[in-house]
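Please open the model in your viewer and display the protein chain as a cartoon.

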Amino acid sequence: MKKTIIEKAKGGVKGVLPFFLLTLLSITGCTDLDQSSISTIDKDNFYQSEADIKVALNGVYQVLTDGSMNGPWNDELIFLNDLQSEYARRGTANSAAITEIGDFAITPTNAFVETAWLYRYKAINRANILIDKVNETALPEQVRNDYVRTAKFLRALYYFDLVRLFGDVPLVLHDGEGEGEPRTSKDEVYRQIVDDLTEAEGISAGFPRLSSEASSQAASGLLSKVYITWAQTDSEYSKAHQSGLYQKAIEAADKVIASGKYKLIDKFIDNWSLDKKEGPELIFTVEHKFGINRNVTGHCVFSTGFDNNKLPVIAAINNNLYYEFDANDQRRDASVTLRLFDPSKGAYFDFDRLRFRKYIDTLYMANESAPYISGQNTSSSVLRFAEVLLVKAEAENELNGPSAAAYEALNAIRRRAYWNPTSNSQGKPADGTPLELSGLSKEQFRQAVQQERYLEFVTEGNRWFDLKRWHILVKTIKEKVPASDLKYKNVSTRNYYLPVPETQIELNPRLEQNWGYAGEASNDPYSALGWK
């Protein structure tokens with residue numbers, strides 16, 4: 001039976017684990033989801049103290065930033081998500097895998113596709129072991145519960161990624177299971193995600209200390225996003241229970257809002273500032289620190305530095321996105337930029353092609369002696385309060401039409417967008433349109449929510465997922481990408497999901513490939529559903 005190399009939990013959320021703990025946490029598993037372990041430790045005797053369990057939990061967190069590039073929240077999701085949107089393209093990339101993604105020419109051997117599958121199952125296996133073993137310890141019940149619920153939050157997050165990236169995926173809940181298993185239906189995977197997050201809502205208030213740790217509110221916020229996504233999957237269950245799923249999305253969002261713990265901050269760009277990593281808008285983040293769990297997204301969007309002669313790794317299709325923002329919308333210059341201050345020259349530099357702004361670390365640029373590449377200390381925002389509000393607005397409209405609650409949630413986003421943090425005053429759109437929306441039809445409100453999400457979450461790993469769940473991926477690419485671009489020429493409904501990695505199908509023939517990746521030219525299941 002083919003085995004992978006021994007995986008090691010190299011570090012956790014907070015830092016590098018001591019060498020002896022690295023050795024203790026070594027785990028081996030099969031690449032075809034045979035998750036039985038040939039371990040260098042006796043797992044039955046390891047999970048005894050709270051210190052042991054902390055090490056194991058750090059190992060589950062650590063996969064979020066595993067490796068120098070391919071960790072799910074290093075830059076993988078910006079490649080698999082934003083690079084598959086209408087506003088980004090591959091730039092100067094020496095990676096065939098990135099080129100495939102940017103051109104909508106992904107193959108089942110793509111390196112990012114394979115790591116997207118393997119890394120998440122590695123993390124899920126770690127979570128499964130922890131969940132089973134913690135309940136066997138003699139720790140106080142509440143302590144056990146907090147560790148189990150945190151592991152379940154992370155397991156849910158990893159499965160939520162998998163089901164959105166690949167569709168049906170094997171559902172494995174215990175160590176030693178999974179070998180030779182077929183893909184589990186999306187509905188069953190979503191049920192497990194909901195079960196895990198519902199339990200995670202019971203995490204004690206004092207257990208998490210940072211936004212990079214799972215919390216009760218993070219579980220509720222992620223639940224709201226899971227419910228609205230499930231409602232729009234066109235599965236048998238979601239079609240029959242769509243209204244109930246929208247209602248649950250609203251209820252989960254309301255839990256976060258009612259907690260009073262979070263709010264929209266006045267200055268949008270501060271959500272990515274190195275000195276404001278614990279801002280009140282950040283519900284769940286992935287913390288990055290150079291030398292431990294680097295964020296290379298900032299480098300990939302700014303790999304050229306102050307130079308117009310080449311494109312960064314992740315480039316803009318063109319400059320249109322900049323002009324789609326209203327001139328008074330503070331999100332524009334925080335999300336994309338045509339000008340940055342170059343501290344080495346003491347002057348502003350003008351770019352011919354816009355740069356994606358959020359992960360460009362200006363504190364680093366002002367420090368010429370800084371020993372790291374720009375962006376490698378910038379946290380990734382997995383869930384912000386702004387998204388909870390937009391999920392509530394969208395679910396309210398889908399369920400009840402543009403209700404007062406829907407307008408309040410959406411207009412809160414618009415008020416912040418046009419707030420002037422310099423003068424500390426409320427601004428309004430420069431184009432003369434109303435600041436606060438009103439009198440819209442259900443379809444007009446739907447379009448307004450989609451537009452605000454478009455402007456709010458540039459390069460935050462949301463756009464491809466949004467276009468997919470709204471079933472307008474191909475339509476949007478065809479409308480906004482130039483016809484001369486390979487992305488325009490290659491996009492098709494097959495791009496609604498990634499291919500199952502070829503190595504996994506070779507190891508487990510019961511894993512059927514997604515439509516369109518084995519040469520199919522007919523019987524398109526997505527067009528049959530009305531997806532555009």
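Select helix α9 (residues 216-231) and helix α11 (residues 242-259): α9 passes α11 in a left-handed crossing. A crossing is left-handed if the near helix is turned anticlockwise from the far one by less than a right angle, and right-handed if clockwise. Helices here are DSSP runs (H or I, at least four residues), as are strands (E, at least two), numbered from the N terminus.

The model is predicted, with pLDDT of at least 70 required for local features and 80 or more for side-chain atom pairs, whereas totals for chains, interfaces and linings use all residues. Residues are numbered from 1 along each chain as its sequence is written, and side-chain values use heavy atoms, without hydrogens or water.

The axes of α9 and α11 come within 8 Å and cross at roughly 160°. Axes are lines fitted to C-alpha atoms, for helices over the stretch in contact, and angles run from 0 to 180 degrees between N-to-C directions. The two helices α9 and α11 are therefore roughly antiparallel, a term for angles over 145 degrees.

Next, show side chains where α9 meets α11. On α9 the contact (heavy atoms within 4.5 Å) includes Y227 and W230; on α11, Y246 and V256 are among the residues involved. By class, 11 residues of this contact are nonpolar, six polar and two charged. Ala, Val, Leu, Ile, Met, Phe, Trp, Tyr, Cys and Pro count as nonpolar, Asp, Glu, Lys and Arg as charged, and the others, Gly among them, as polar.

G221, S224, K225 and I228 of α9 touch E387, V388, V391, E394 and A395 of α16. These residues comprise four nonpolar, two polar and three charged.

Now move from α16 to helix α17 (residues 404-417), where the axes come within 8 Å and cross at roughly 145°. The crossing of α16 and α17 is again left-handed. Residues to display include L389, L390 and E396 of α16 and L410, I413 and R416 of α17. The contact of α16 with α17 contains 10 nonpolar residues, one polar and three charged.

Finally, select the whole protein chain, which has 23 helices and eight strands. Of its 532 residues, 61% count as buried, meaning under 20% relative accessible area with a 1.4 Å probe, protein chains only.

Note on methods. Buried < 20%, exposed > 50% of the residue type's maximum accessible area, 1.4 Å probe, protein only. Parallel < 35°, antiparallel > 145°, perpendicular 65-115°, else oblique.
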